[in-house]
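Grab the sequence and the model, and let's work through a few exercises together. Each one sets a task and then walks through a solution.

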2 protein chains.
Amino acid sequence: MTSNPIYCSREDCAAMDAADPLAHARTRFVLPDDIVYLDGNSLGPLPAKTPARLTETVAHEWGKDLIRSWNAHDWIGMPQRIGARIAPLIGAHADEVIVADSTSVNLFRLAGAAIRHMAPRQVIVSERGNFPTDLYVLQGLAKLLDGAIELRVVAPEDIPGAITSDTALVALTHIHYKTGAIHDMSALTRAAHDAGALILWDLSHSAGAVELFLDRDDVDLAIGCGYKYLNGGPGAPAFVHVARRLQEKLDPPLSGWMGHAAPFEFGDEYRPARGILRQLCGTPPVLGMAALAEGIATFDGIAMGEVRRKSMALGNLLIDLVDARCREFDLACRREAGERGSQVTLRHRHGYAIMQALIDRGVIGDFRAPDVLRFGLTPLYTRYVDIWDAVDRLRAIMDDGSWRDERYRTRAAVT
Amino acid sequence: MTSNPIYCSREDCAAMDAADPLAHARTRFVLPDDIVYLDGNSLGPLPAKTPARLTETVAHEWGKDLIRSWNAHDWIGMPQRIGARIAPLIGAHADEVIVADSTSVNLFRLAGAAIRHMAPRQVIVSERGNFPTDLYVLQGLAKLLDGAIELRVVAPEDIPGAITSDTALVALTHIHYKTGAIHDMSALTRAAHDAGALILWDLSHSAGAVELFLDRDDVDLAIGCGYKYLNGGPGAPAFVHVARRLQEKLDPPLSGWMGHAAPFEFGDEYRPARGILRQLCGTPPVLGMAALAEGIATFDGIAMGEVRRKSMALGNLLIDLVDARCREFDLACRREAGERGSQVTLRHRHGYAIMQALIDRGVIGDFRAPDVLRFGLTPLYTRYVDIWDAVDRLRAIMDDGSWRDERYRTRAAVT
């Protein structure tokens, strides 16, 4: 990959772990002994406190207090309470974030509200190769609105030029799921505002992974995922961010009872609640939210700047080791750490089979079509020696040819 | 309430329990000893097997197998697998039901798809006093579509007359949340079809409560709740039904990656999956779905006809006992069991305070504004003696005046 790799021994890595100010956070997770888990960007591992929290929620709150728990244990307040704890991780105010539904549904919710608010502007700018569900959701919204939306989906380098006076909304994913490329949130938000447009950032690969400054950068809208870097569990509820200045101006298209000003008056007419609360729709998923609360708690007392510093160091180490030992792979992400999200991606035409063989050797990353091997770097629990071991096992698989085994040829349902 | 009540002693009730063919099902639940729980129509109690199932899902599947569980434990198939188990409870085919999102979001999803499919027809007929979120969601959809929908919300007796040649969709709740009144699903579905319209039934107070025949009645679309009679836990995922003949014809407005024909190809263009699967949008909430699976399992081997028979008997008993002993209450539901859902509602101008006092005496029902005391009847775990005890304690509260206590005057957040 480069002609001048820097080699680093396993002992060097162990020394880096010994000096790591985040090393203590690893005990906040349950991690199988024999596994190097480099897929926390797809599904964060189980936090150590989550099982007890779920037992409490299930056995005590649901089992004993039953329906009374909506008040007694403030289940009704969970979306706001947990949202307020996500806010500092993304540089937003506590009253600007709420937990609700899925990332896909939340994109629909905010894009639908934005397009109506910005009428007669009707262009939504997005990126070709964006995470697919983002494009699919915008396509579904456009079809539903039957001519009231024009989608302008362009290559990343063409985004600034595509934001014009007819643009209602710029809807981008901050960090690319496959390449890890980072958009300049500050500059693109300014570009959108300069054109009189709103901007919506999908933070699925950013929240809990990099430092974010939504308030400083004057971001209008954002959404994000609870089950990746936030460790909320499989299919965890997602989050919604709306800047204070917009909260009363946007009509939520998914206007359900939980976003009503007075849901328990049971009136026939929708009246939106004040503030971020109006983004709610149906009854909050209590079990998923209890798990998400513990996922977010794994960041307690830890500054995102510290997380980011270690993430970059882990990525640099992985790239250096691959440069030195696994030259048959191409780098599919930026070499410069500041331009790369919390992941490293490699390219190999047999990427699928190689990743399956690597998983069988206890190094879990993932594969993204057509040829990308993706390694998530999650500083709360990933050690420098884990990176060393991962590359060592990758080398072993390439040397012994085990990835050529028949069983690695057929793609599984979820890759 | 009537002049001719039939009295029944606690011993009579115990004898009815001894002869009850569903008595054995009570052990399928964890129920606090000191509580008579008549609110399973709002939140079903904890099934006995749910804690172990969640521990397995959390500690083993998530904790040990991590991301691999999407394949290894078929997390990815949960929405269809659990949907298929709801199907027989509602008289539908296994491939017509899928678990997704919340009831509110599902109503938006199907109503949005239906209105586009039925264009240029643009009227949605619904019922005044419908469960509020149903009306709110339709209002939000109408506002989003800005003139493409006319909502025609009429009194229940005016529904048949409101279904005309301009009607795209009739969206009704089968059993009324407050009065328990049951719509004639067969007749109203026929009326919708005769006018060339589609019909969508909200089964939130029906699924697991009464016998349903969606296939026989030629129902087009339905939605329902997982956390009431289905015992799926607080905020459980909801379900979606689409008749086979419509599955390929409706474009889902919430078109996310999980409803894509090939989500893991990560292409830029949405292509809907075949069949019911296209109704999915975001990543399935695995913890909530694991709990829902155990909730549905509480119906294993039990015929809904048997459930309904006992439900009617419990309701008749409650009404007879109130007639005999609590004449200060008015009946707010139908006296004829066949016209009443699985609940009994009473009316009293001090209903809120009385219900709070009753809850403090260990009888949990709920209150619905402005004056309705609601008692859910859930035959899998409610005994005839429970009904007797509930009325006995209601009598005691009225006699000792404890409901007049100061603390029962202020309404809690959730009632």
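**Exercise 1. Find what B:K310 touches, where it sits, and whether it is buried or exposed.**

Start with the contacts, where contact means heavy atoms within 4.5 Å. Leaving out neighbours within four places in sequence, B:K310 touches B:D20, B:L22, B:P379, B:T382 and B:Y384. Next, the location: B:K310 belongs to helix α11 of chain B, residues 304–325. Helices here are DSSP runs of H or I with at least four residues, strands are runs of E with at least two, and both are numbered from the N terminus. Last, accessibility: B:K310 has a relative accessible area of 6%, so it is buried. The classes are buried under 20% relative accessible area, exposed over 50%, and partly exposed in between, using a 1.4 Å probe and protein chains only.

A word on the ground rules: this is a predicted model, so local features need pLDDT of at least 70 and side-chain atom pairs count only at pLDDT 80 or more, while totals for chains, interfaces and linings use all residues. Residues are numbered from 1 along each chain as its sequence is written, chains are lettered from A and ligands numbered from 1 in the order in which they are written, and side-chain values use heavy atoms, with hydrogens and water left out.

**Exercise 2. Work out how chain A and chain B are related.**

Superpose the copies by least squares on the C-alpha atoms of residues with pLDDT of at least 70 in both.

**Exercise 3. Describe the interface of chain A and chain B.**

Count residues: 87 of chain A are in contact with 87 of chain B. Compare the sides: 100% of the interface residues of chain A are also interface residues in chain B, so the copies meet through the same surface. Now the area: the chains bury about 7,200 Å² between them, 68% of it on carbon and sulfur atoms. (Buried area is the accessible area, with a 1.4 Å probe, that two parts lose on being put together, summed over both.) In chain A, the residues losing the most area to chain B are A:W62, A:Y136 and A:F266, together 11% of what that side buries.

Finish with charges. The interface has four salt bridges, a salt bridge being a side-chain nitrogen of Lys or Arg within 4 Å of a carboxyl oxygen of Asp or Glu. One of them joins A:D251 to B:K143, with the closest N and O atoms 3.4 Å apart.

**Exercise 4. Which parts of chain A does the A:R85 and A:D300 pair tie together?**

The two form a salt bridge, closest N and O atoms 3.7 Å apart. A:R85 lies in helix α4 (residues 78–90) and A:D300 in the loop between α10 and α11 (304–325), so the pair ties together parts 215 residues apart in sequence. Both ends are partly exposed: A:R85 at 34% relative accessibility, A:D300 at 42%.
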